[in-house]
Amino acid sequence: MKRSVIVLAALAVFLAVLPGLAQEAATITPELEAQMVALEDITRQLRELDGEPVERAFPTREETIAYLRETIDQQLPLDEADRYRDFYVALGLLEPAIDLRDVYLSLLSAQVAGFYDTDTQVMNVLPAQGELASELSLLEQIIYVHEYTHALQDQFFGLEQYLDDEEVVKHPDRALAAVALVEGDASAVMNVFAQEVITRNPLAVFQILGQGLQAGNLFLPPGTPAVLSRELIFPYEAGMQFVLKLYQDGGWEAVNAAYENPPVASEHILHPETYLAGQTPAAVSLADATAALGEGWTVRWDTTLGEWYLREHLRTQLSLSDAADAAQGWGGDRLHVYGNEASGALALALRLVWDTPADEAEFEEAYREFAVARFGGEGDGVCWSNAETALCMPDIDGETLIVYAPTVEQAQAIIAAQ
């Protein structure tokens with residue numbers, strides 16, 4: 001497992017590539033074995049992939065949580081956790097004092113109900129009530145179908161190689177898109193299975209709800225930051241809509257082909273028509289402004305922000321609808337996050353290009369509203385500031401440049417370096 005994908009944008013990657021969990025072999029009843037074999041048969045039929053059975057393991061939740069804690073300690077050391085924190089903090093999405101490793105462990109511990117291990121090709125099934133029963137509950141059956149779909153994806157498309165691509169793990173937005181294909185695929189199959197069960201027995205929906213409430217994994221832990229909650233849910237919900245659009249366009253063959261030609265930006269997931277049309281984000285460059293900032297500054301991130309994270313940034317001051325409207329029309333970007341280890345200060349430079357001049361004008365108008373909401377009247381239409389930070393958005397024909405720094409002077413120095 002690569003530590004750079006332990007970010008909630010890639011929680012599913014984390015679960016997909018966990019190394020093997022040592023445990024004693026569980027004894028299962030013939031009834032349970034027959035049920036799981038039947039679920040695998042159903043999943044193969046629904047997904048139209050004639051895959052192989054998988055080895056299964058049944059760790060307890062306590063064993064899994066202990067293992068998750070150890071793995072996070074090993075794979076997400078403090079310096080890397082701090083770097084991810086800086087990404088969110090620089091965008092105004094999280095408070096500086098947050099402990100991301102604790103948040104990740106809390107989320108994983110609450111939500112993991114099973115996972116497929118690409119390293120060992122073992123499917124780990126966590127009994128919802130802590131003990132292995134003679135059959136899976138309806139909720140556990142749905143989860144089993146989801147996770148066995150991951151096993152089929154691995155057998156046919158090589159999940160670990162797909163998710164471990166260097167360009168995927170380096171860039172949060174690209175990781176979000178990659179995971180959305182994987183989780184959207186599994187969620188689509190899972191939902192078809194669930195719908196068929198409910199069609200045969202409409203009261204089954206109450207069984208699922210009751211079992212989820214009893215297991216305690218229908219809701220995210222209290223206090224989970226909103227952006228991390230939405231980041232966790234995005235690959236499942238938006239990813240499923242993306243996969244369904246591909247399916248409507250060309251059946252499962254179109255979905256299968258997406259693993260060879262994967263979505264590379266959250267824009268593709270949010271707007272599947274851009275993926276189907278073969279649109280790719282524009283390449284955008286930024287000059288390194290560490291020298292302009294002065295001694296002690298380094299580049300913490302050199303990446304692409306993407307439409308989804310841009311939308312989330314806007315949502316810190318604007319409504320969801322206004323943020324979505326402003327971010328739509330995104331054509332590409334480059335993001336630098338700078339950090340000063342001695343002071344703990346952060347700075348940010350974001351250069352954006354747009355599909356049309358109208359998209360650029362709409363965004364910049366919305367961003368001025370954003371700036372006024374954040375800084376009040378303390379601005380001249382180009383720069384705004386308070387005692388903690390400064391924001392500048394200079395007029396650049398055809399592109400947008402947004403800069404944050406501790407002072408207006410430092411923000412202007414970053415602009416001058418471009």
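These legends describe close-up views of a predicted model.

**View 1. The second largest pocket and its lining.** This pocket holds about 730 Å³ of space. Its lining has 32 residues, and those closest to the centre are Val89, Ala90, Gly344, Ala345 and Leu346. Several elements give two or more residues to the lining: α4 (78–90), β4 (297–303), β5 (330–340), β6 (346–354), α17 (357–375) and β9 (399–405). Helix α4 supplies the largest share, five residues. By type, the lining divides into 14 nonpolar, 10 polar and eight charged residues.

**View 2. The largest nonpolar core.** In soluble globular proteins, nonpolar side chains tend to be buried together. The largest nonpolar core here has 100 residues. Which of its residues touch the most other members? They are Leu310, Leu314, Phe363, Tyr367 and Ile402. Helix α9 (residues 172–200) gives the largest share of this core, 14 residues. A second core, also of 14 residues, is separate. Its members include Ala289, Tyr338, Ala349 and Cys392.

**View 3. Phe363 and its contacts.** Leaving aside residues up to four places away in sequence, Phe363 touches Leu310, Leu314, Ala326, Leu352, Trp354, Thr400 and Ile402. Phe363 is one of the buried residues of α17.

**View 4. Helix α17 and what covers it.** The 19 residues of α17 should span 27 Å at 1.5 Å a residue. Just after the helix comes Gly376, with a positive phi of about 70°.

**View 5. Glu48, a residue with positive phi.** Most residues other than glycine have a negative phi. Glu48 is not a glycine, yet its phi is positive, about 55°. Where is Glu48 found? Its place is the loop between α2 (30–47) and β1 (55–57). Is Glu48 buried or exposed? Its relative accessibility is 54%, and exposed means over 50%, so Glu48 counts as exposed.

**View 6. Gln121, a residue with positive phi in a loop between strands.** Gln121 is a residue other than glycine, and its phi is near 60°, a positive value. The loop that holds Gln121 lies between β2 (114–117) and β3 (122–125). At 39% relative accessibility, Gln121 counts as partly exposed.

Key: Residues are numbered from 1 along each chain as its sequence is written. This is a predicted model: local features need pLDDT of at least 70, side-chain atom pairs count only at pLDDT 80 or more; totals for chains, interfaces and linings use all residues. Side-chain values use heavy atoms; hydrogens and water are left out. On a 1 Å grid over the protein atoms alone, a cavity is a set of points where a 1.4 Å probe fits but cannot get out, and a pocket is an open set with protein on both sides within 12 Å along at least five of seven lines; lining residues have an atom within 4 Å of a point. Grid points are joined across faces, edges and corners, and a volume is the space filled by probe spheres set on the points. Helices (H or I, at least four residues) and strands (E, at least two) are DSSP runs, numbered from the N terminus. Ala, Val, Leu, Ile, Met, Phe, Trp, Tyr, Cys and Pro count as nonpolar, Asp, Glu, Lys and Arg as charged, and the others, Gly among them, as polar. Buried means under 20% relative accessible area, exposed over 50%, partly exposed in between (1.4 Å probe, protein chains only). A nonpolar core is a set of buried Ala, Val, Leu, Ile, Met, Phe, Trp, Tyr and Cys residues joined through side-chain atoms within 4.5 Å. Contact means heavy atoms within 4.5 Å. The expected span of a helix is 1.5 Å times one less than its number of residues.
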